[in-house]
Amino acid sequence: MLKSKTFVKKTRSGGVMKIVREHYLRDDIWCGTEGCVECKQEETVLQKDVHIESNLCSFPHYLLPDTNVVLSQIDILEDPLIKNVIILQTVLQEVRHRSAPIYKRLKDILHDKEKHFYTFTNEHHRDTFIEREPGESANDRNDRAIRVSAKWYSDHLKKALSEEEIQIVLLTNDRGNKEKAVESGLLTYKCEEYVKSLIANPELVDRLALTDDDKNEITSSKVLFPEHLPLSRIQAGIKSGAFQQGTFRASRDNYLEATVFVHGEGDQSTEVLIQGLQNLNRSVHQDLVAVEILPQNQWVAPSSVVLQDEGPKEDDATEEVEAEKTLKSAAGGAESRKPTGRVVGIIKRNWRPFCGMLFLSQIKEATRHLFTPADRRIPRIRVETRQAATLAGQRIMVAIDGWPKHSRYPNGHFVRSLGCAGDKDTETEVLLLEHDVPHQDFSQTVLSFLPKMPWSITEEDMAVREDLRHLTVCSVDPPGCTDIDDALHCRDLPNGNQEVGVHIADVSHFIRPGNALDQEAANRGTTVYLTGKRIDMVPELLSSNLCSLRCNVERLAFSCIWEINDKAEIVKTRFTKSVINSKASLTYAEAQMRIDDTNMNDEITKSLRGLNSLAKILKRQRIEKGALTLSSPEVRFHIDSETHDPIDLQTKELKETNSMVEEFMLLANISVAQKIYDEFSECALLRKHPAPPPSNYDILNTAAKSKDLVIHTDTAKALADSLDAAQVDGFPYFNTLLRILATRCMMQAVYFCSGMDSDFHHYGLASPIYTHFTSPIRRYSDIIVHRLLAVAIGADSTYPDLMDKHKQSALCNNLNYRHKMAQYAQRASVAFHTQLFFKNRGIMNEEGFILFVRKNAIIILIPKFGMEGTVFFENKNKPSPKLTFNQEATTLTVEGHTFNMFDKVKVTISLDASNIQHQKIRMSLVEPVILGVSVAPSEDNQPKAKKAKLDG
Amino acid sequence: MAGLELLSDQGYRLDGRKATELRKVQARMGVFAQADGSAYIEQGNTKALAVVYGPHEVRGSRSRTLNDRAVINCQYSMATFSTSERKRRPHGDRKSTEMSLHLKQTFEAAVLTNLYPRSQIDIYVKILQSDGGNYSAGVNAATLAVIDAGIPLRDYVCACTAGFVDETPLTDLCHAEESGGGTSLAMALLPRGGHIALLQMDARLHQDHLETLMEAAMTACKSISKVLDQVVRQHLQEVSALTGE
Ligand SMILES: [Zn+2]
């Protein structure tokens, strides 16, 4: 039926280019209220019985917040207490336009059935649509639209509800808006007033964001900072070249210093140094700011001093002046001066909720306290809370609300508590939050896209898939692995060749493009493995059950099958969606045992042997082509099964079977990369590893020179060969150390879209093309690759975003970011567990090697634990020893003893817990003995004999 | 945040329509007296004018003459003022040539050409304002113009576009939806017999989805045919009232 006849047609125009769009108004948009007799709706969202106790509104009511309330008080709206809220389309659109993260949070609330949030499409409703009046600003028009809708709702509910009367409460913080609303007879409160009136939950008040009115009360009237320029002037300034636009990066060590990273055209990026509070002008790490470069005679050099904001100070600038003086005196000579500037305005704030701890005000009964974020680059934040006593000693989250020009610190509000500081769960939470790892439980919306249980393979599935259940497929993984995404098989073919299959969990069968589950996985990007904890990219039902290729169950797979001759050359490659039934889930050790045990001759073992011998040839060929085998020590903790505390820690050991599996995964990834690139030259998702610039190798070269060796770094092949040749008699660990250093020289491998780049080379693997196909359970990139491959072989359908190289490129950026952050989080987790380990051990004596030599310290690697630590030769409380640093030879002479790279030393290791937020491992020198520098070895000499715990 | 939300969670499109609703259609026939047939149509903000001359003797080179049926000559063009950016559109640019060809194919399938051997029918379509679905508006206008010219057709030729967003087919796409990425399928249908005169799509789509998309487009075409039918009947009434029959 053609419905358009019943609509009144309006057009709206705007923008520089005139855009005319149709705007249909409807009479079939319902109010969403339970028990409404006027609306012909099938489903209702807003409840008939509303229970929320408030001093101000003792009657049942629905809340209707305006845009600013949603933007600033999303923490309040998320609270389970707040239910039955009407979100207008006007508000939703404005929020979407102004803040992507808050929009996402709002959407999550709207999807949550428990919250009873209803979206009212007021812009298309015949009675609530309003046109912008001449001279009215867009904001005023939207405010009016909100009032009109609120009015409509309250009139509608009066008419439409037979028994009970439910009122509409408009929440707005805008005074003008409120006055007008009251004039038109609407019940209107400021968000703050309303929240304070709630009887049930007084803590909610702490989560209120501060609004402009309150800020004035808090801070002194003295203006501490220059005014920020309005956006229009900033834009004009950037256009004329007077200002530069860039990302603000606060220094980790010096709170009075920062750099602004100005993106130029192409590779022309510059860094502008900013020094001093006035010049920093209330910028927070990661903000997008506009800077003005100072005249050249005011340029300064980056200082090398460490300055921590010692607070809590009231808004008193005198101490800062002192600190800034120190800064100036510490500055280096004229030759090291850098372009220096000052921040004139903020283009975009990049504030997120920050983790940290509260430092209580000395004044008793005070409700305003300073919050110290865990990230040193973030300034302290002033918060108001009544629960300070409870929160002291806890890790909490705080969001910044604003930074007025007369306040030394930004103002913020308490978001939530994470738990006791030092607690394992709390600290894990902190490191996840600080590394921006999405780790909340999957929302109901996401879970709703999971297959319904009990799940089984249907006949339709079988019809479009190859039945490979008869093959002797098995999987080889680390012990305790529950998310098995790959399995292998190998069998002899009648023609003497071998058939090898790599079977990968068919995750893209379960995760369909564009739905909430897919979006969540795309956002998470990767599963994050922390010590003793895993943060899944996809819900557990998929990761550990339906997609996990466990033995003796039928599973859907995406198979890559080769025919390979005895020289390990690929004769034929094909890809197919399949059904497999793995015959065994083995660990690396078990697989190794089977291969080595000559008595075993079953199908699985034969298959493993076939794979193993092919893998050896493949590996040799790869290394001949110049693939690098670098090493970075990985630490593994033995976790006590009851207390979950680390009881032992050792570096991971690699078996032949590790490299067997790896070899075939590489082969599959390369085959798939080639296939999807052939099919979609513009939008294949690939992975590249750029060759490092020669200067990256400086450190490796100096290191080798110290042992009279030469490392050739012109090509990957030359590097691999010279690394192999680099041996020192009587020092077997030297080669490993050298490889660890070589790893540090490498660039980061990244995902990219083939249509956006021309250099595909993977340096480390010496492959012209590469992608990720083999771990779709834990990497989103692989899901995209699966989808591309499925389209390429006609097994699945495509969708627009898959073929859009710009969207794919944006996705790659997110994936690269998430992978990097996951890596950092992983390291932070290992570091935290190392601290826990040493906390329980007291002081230990260990042997180590010098990895780097610095001006005032040496960095030591402890091979046993695969960990690094720093021995400082300067100490605050002691006179510093005589230090001579030779940059050329990278040696450091301390009181007559010269430290070279790779020297063997003995150190004590202990935990320094003096700063509760930043505990760290402290190393002190034991051997060589240098008077006044080295310490005596710990009495409690060796750790208890390692428990003979099997690695499984 | 980039891009527009083409379909809201509440099921409304940018302009307030639901997924399968069409834009408002308004049409008039016989807008020009000199031509043999003419019509003007508005589908939302897309406005098209079609003019028909013929059947008449084949003009120009005689070699094009067909002995068993009429030659259909189509010319599609866009007015310089048809988009928000004023553009000079040289005659016969690639896009227009392609559209002309599509129109020709469509009407060759619909017009009973065998009734007019050795003659020619000219169909001129001009897009006066463009807001998505130019081809469809052009076809619908041309159908009315052909009827106005009294040339027998097998059936109304009705055209409509359909796209695919969030696994939901959308019909009668406006410009913002067409340029929002994704598939756009244009269909010209002879609704009574369900014959497809033309089907055109320029993005990839899996065949599993093709059927749903085609069904949506067909339903939309049928709705359009009802509107066109009404326009024709009303026009006839007006004309017969004027001539006093
Ligand atoms: Zn109602």
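Colleague: What makes Phe225(A) count as buried?
Modeller: Phe225(A) has a relative accessible area of 4%. Buried means under 20%, exposed over 50% and partly exposed in between, with a 1.4 Å probe and protein chains only, so Phe225(A) is buried. Trp403(A), at 10% relative accessibility, counts as buried too.

Colleague: And what should I keep in mind about the model?
Modeller: It is a predicted model, where local features need pLDDT of at least 70 and side-chain atom pairs count only at pLDDT 80 or more, while totals for chains, interfaces and linings use all residues. Residues are numbered from 1 along each chain as its sequence is written, chains are lettered from A and ligands numbered from 1 in the order in which they are written, and side-chain values use heavy atoms, leaving out hydrogens and water.

Colleague: How many aromatic pairs does the whole structure hold?
Modeller: A search over all chains finds 9. One of them is Phe120(A) with Tyr153(A), whose centres are 4.9 Å apart and whose planes stand at 70°. Rings of Phe, Tyr and Trp (its six-membered ring) pair if their centres lie within 6.5 Å, and planes under 30 degrees apart count as stacked, over 60 as edge-to-face and the rest as tilted, so this pair is edge-to-face.

Colleague: What makes you say that the pair of Phe120(A) and Tyr153(A) ties parts together?
Modeller: Phe120(A) lies in strand 5 and Tyr153(A) in helix 5 (residues 138-160) of chain A, so the pair ties together parts 33 residues apart in sequence. Helices (H or I, at least four residues) and strands (E, at least two) are DSSP runs, numbered from the N terminus. Phe120(A) and Tyr153(A) are both buried.

Colleague: Why is the pair of Phe225(A) and Trp403(A) called edge-to-face?
Modeller: The ring centres of Phe225(A) and Trp403(A) are 5.8 Å apart and the planes at 80°, so the pair is edge-to-face. Both residues sit in loops of chain A, Phe225(A) between helix 8 (212-218) and helix 9 (231-240), Trp403(A) between strand 16 (394-402) and strand 17 (411-420), 178 residues apart.

Colleague: How do you know that a charge sits over the ring of Phe261(A)?
Modeller: The rule asks for NZ of Lys or CZ of Arg within 6 Å of the ring centre and within 35 degrees of the ring normal. The charged end of Arg249(A) sits over the ring of Phe261(A), 4.4 Å from its centre. Likewise, Lys688(A) lies over the face of Phe752(A), at 5.4 Å from the ring centre.

Colleague: Last one: is Asp436(A) buried or partly exposed?
Modeller: Partly exposed, because its relative accessible area is 34%. Asp436(A) also has a positive phi, near 55°, though it is a residue other than glycine.
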